[in-house]
Amino acid sequence: MNKIECRPKILIVLGLPMLKTVYNRIRNIRKKVFAKNILRLTSWGKVKYVSIKFPTLRDIAEKLPDVQIIGDMEVEVSGISHDSREIVPGDIYACIPGFKVDGHDFAVAAQKAGAAALLVERFLKLDIPQLKVESTRQTVGRVAAEIYGYPSRRLKLIGVTGTNGKTTVTHLVERIARLAEEKTGMIGTLGAKIMEQEIPCQHTTPESTDIQKLLHKMVEQKVRIAVMEVSSHALDLGRVNGCFFQAGIFTNLSQDHLDYHQDMQKYLQAKSLLFAGMKQDSKQFAVLNADDPSCTYLQSQAACRYVTYGVDSAADYKAEELELTERGVEFKVKYKGNESTIFYPTPGKFSVYNALAAFAWGIEAGYSNEIITKALRETQGVPGRFESIRKGQPFLVIVDYAHTPDGLVNVLSAAREISAGRIITVFGCGGDRDRTKRPLMGRAAAEYSDFVIVTSDNPRTEDPQAIIEDILPGIAKVDYKVIVDRRQAIVQACSIAKPGDTIIIAGKGHEDYQIIGSEKIHFDDREEVEKALRGMGYVK
């Protein structure tokens, strides 16, 4: 008999026919992922006997600090979920107290769905094995990593954190690795990808159970480089617990998410967790923005070696002789006694930082200067990031995800550098989010624009007009108009644009929806621009 190791804790033993029974058993236990492994192996011969060993609760409990146990600890578990609706037989159900509901309240439903055990913060009066920990939210990622065989240690995982630029830098890192003929995976705001296969995600950084499943799937598909956007929420809520990062990249820090973090220091402390979790005696490293005031604090918190990049400050990777044009940015980078010329085809000084961060990571990760500069030079842009819509009109229309004061300043500054005429800005602020940044967004738009249209942007459960009233105190010394309907705001901007003008439509970027109340309605700024231009006779 041949023994084939499918993944840690799983052993397949091949012999004579029983494939159908095996397939059904595995499908019921663990969705379809392991059944695929069985089917691959059957081409070698018929199956007589299959032995599958999953980790037991005892195996898992031994890895957790201060855990209390009730029930049969020899129960095998094959998966984990924080959502009772997704439980399949063999799963652990993680009872996580949420901001609106408590996962403990759905334990009965999980048990009925076939959960093998519960991860709880308080013992429940249910006849099912339970592991009690201080915080299920902070523990669930580590449990998921154990169940899925610590997939982040079986590939190279790169985390990118910061207020602005995460998505772009993540894509640039992935493109460098792809050009070097690495098999890649990516997790972020635009969803998850394994090479060209796209996988939808609900958050910039998914829930910890979903992250481990995704990483496990990447390992199965022989991914070598995985790059992930790591939000401050994910770090603070423990979503990346159980992840081993080979490298971490910091882009910048400016005001955002204070509805959650309360103040900038707590926001910074959350970001620093990515680097504090690394080790000095390993091959892990950090890439930090020397021009950002937060850099000194992050250096003090980093438990690994780090390098810096910058334009204005002394740095290990320093950009000089910047040329900012409509075509993009070109600059020289000096590093380790070397010098290289970089061209990156997205305008704006912020693009220098994005390209420089990716370049620094690439060199530190061992890629050649030629591979890195070629990847940056040939990039096709990132959806919704300074994305130009051209239909033959004599003015420029740019759609961008900028939804923070600093992000809006960066985009408008870049537009000013390339615009021959006026800057017309269309923007709003999200509902049920940090209200303190709303007048700051208004101030940024007013300072860097010639005309401003204030509109809606995912108002959620708030009154759109009330959100706009919070924005208006920041708008001064500029002509502006309020148009609550975002579609009409875009039409108005296009109708008043003159040859040489530049329209910036900010806040949504790649998003293809508006959230009004609790309903998500299809809405894509790029589609709306094209409709408006078509209505004006531009059809190229």
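**View 1. Strands β9 and β12 run side by side in the parallel sense.** Here β9 (residues 184-188) pairs with β12 (residues 225-229) over four bridges; strands count as paired if DSSP finds at least two bridges between them. Look for M186, which stands opposite V227 in β12. Helices (H or I, at least four residues) and strands (E, at least two) are DSSP runs, numbered from the N terminus. Keep in mind that this is a predicted model, where local features need pLDDT of at least 70, side-chain atom pairs count only at pLDDT 80 or more, and totals for chains, interfaces and linings use all residues. Residues are numbered from 1 along each chain as its sequence is written, and side-chain values use heavy atoms, with hydrogens and water left out.

**View 2. Zooming out gives an open sheet of 11 strands.** The order is β11-β10-β9-β12-β8-β13-β14-β15-β16-β17-β18, and the pairing is mixed. At the edges sit β11 (197-199) and β18 (338-344), each pairing on one side only. On average, neighbouring strands are turned by 15° against each other, direction ignored.

**View 3. Helix α6 (residues 166-179) packs on that sheet.** The helix touches β8 (156-161), β9, β12, β13 (247-250) and β18, contact being heavy atoms within 4.5 Å. Its direction makes about 175° with that of β12; axes are lines fitted to C-alpha atoms, for helices over the stretch in contact, and angles run from 0 to 180 degrees between N-to-C directions.

**View 4. A276 lies in helix α10 (residues 264-276).** Leaving aside neighbours within four places in sequence, A276 is in contact with Q301 and A303. A276 and C304 are 28 residues apart in sequence, yet 7.7 Å apart in space, C-alpha to C-alpha.
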